[in-house]
Amino acid sequence: MKSEFFRSFLVVSLVACTTAAGAETVLERVSAGGKLVIAHRESSIPFSYLDENKKPVGYAMDLCLKIAEAVRQKTGAKAMQVELLMVTPANRIAMVESGKADMECGSTTNNAERREKVAFTIPHFITGARLLVRADSPVQRIEELGGKKLVSTKGTTPLKTAEQTNRSHLLRIDIVAAPDHGKAIDMLESGEVEAFVMDDVLLFGLAANRPKPGGLKVVGKFLTTEPLAIMLPKNDPAFKKLVDDEMRRLIVSKEIYPIYDKWFLKPIPPKNTALNMPVSYLLKDFWKYPTDIVPF
């Protein structure tokens, strides 16, 4: 019986190794006539969201289209098709990990926990989690939310940070997970919750595009430091190198700056309002020596 077991185990192991070794890379698939699949978000303003025509647009989307062109040139696949796939904060990692998407172009934080499942390229933004509250709210800090409701978006690092802070400081906050950013801000405006915790740049973008932007305000100190980067498959070094090289080229050549200005300093759809957020000193310093290595 033992010999039969070990023989079966060996066969299964060999099949698994052969499958892994023979797995098709992104560049191999595209070279053979396959599609490049870009995952995008619905409401991660201004990184990746749907405009008034339901077309995916944004800062991260523009960067991903630059990368797509680099893939086209590298593979020589002039007729390469780009498929756009909408994902949510809850399923975005699984979609890349499972191979259903080749890149996720949004506002995803590169951290150690996620790097166990997926890879990331050089950050295109550095932000931190803060609070969005109604304009008449006296709340300035998360510590003032004891006994009140706080919302964040399912599958995000700010939600996890809020839960950890709530437990460690015994704050007694009732934390609610919304399925997406749009639902979270709806809950805040309706009075269902007292505050919405998320990356501050997303909060500014979401608030600026509401029917009454002046009815909301971003408050509080940073609860986290979040390097945002395009998410990639974990075990595809050739594809990752191409993406890293293109991101590094965009940064070193400063070609990334007008793309940044387009989405953070100029009026953007759907409301044609500007976020007025120049490149931060933190991001400028990081871009002096662009790397995918982050200390988180």
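Let's start with the rings: searching the whole structure, which is a predicted model, turns up 10 aromatic pairs.

**Exercise 1.** Classify the ring pair Phe-47 and Tyr-59: what kind is it?

*Solution.* Step one: look at the distance. The ring centres are 6.1 Å apart, and the cut-off for a pair is within 6.5 Å. Step two: check the angle. The planes sit at 55 degrees, so we call this pair tilted. Step three: find the two residues in the chain. Phe-47 is in the loop between β2 (43–44) and β3 (48–50), while Tyr-59 belongs to helix α3, 12 residues apart.

**Exercise 2.** Now try Phe-47 with Phe-125. Which class does this pair fall into?

*Solution.* Step one: the centres lie 5.3 Å apart. Step two: the planes make an angle of 80 degrees, so this pair is edge-to-face. Step three: Phe-125 sits in strand β8 (residues 125–127) and Phe-47 in the β2–β3 loop, so the pair ties together parts 78 residues apart in sequence. Are these two residues buried or exposed? Phe-47 and Phe-125 are both buried.

**Exercise 3.** Which residues do ring pairs link into a cluster with Phe-47?

*Solution.* Joining up the pairs gives a cluster of Phe-47, Tyr-59, Phe-125, Tyr-260 and Phe-264.

Methods. Residues numbered from 1 in each chain as written. Predicted model: local features only at pLDDT ≥ 70, side-chain atom pairs only at ≥ 80, totals over all residues. Heavy atoms only, no water. Phe/Tyr/Trp six-rings, centres within 6.5 Å; stacked < 30°, edge-to-face > 60°. Helix = DSSP H or I, 4+ residues; strand = E, 2+ residues; numbered from the N terminus. Buried < 20%, exposed > 50% of the residue type's maximum accessible area, 1.4 Å probe, protein only.
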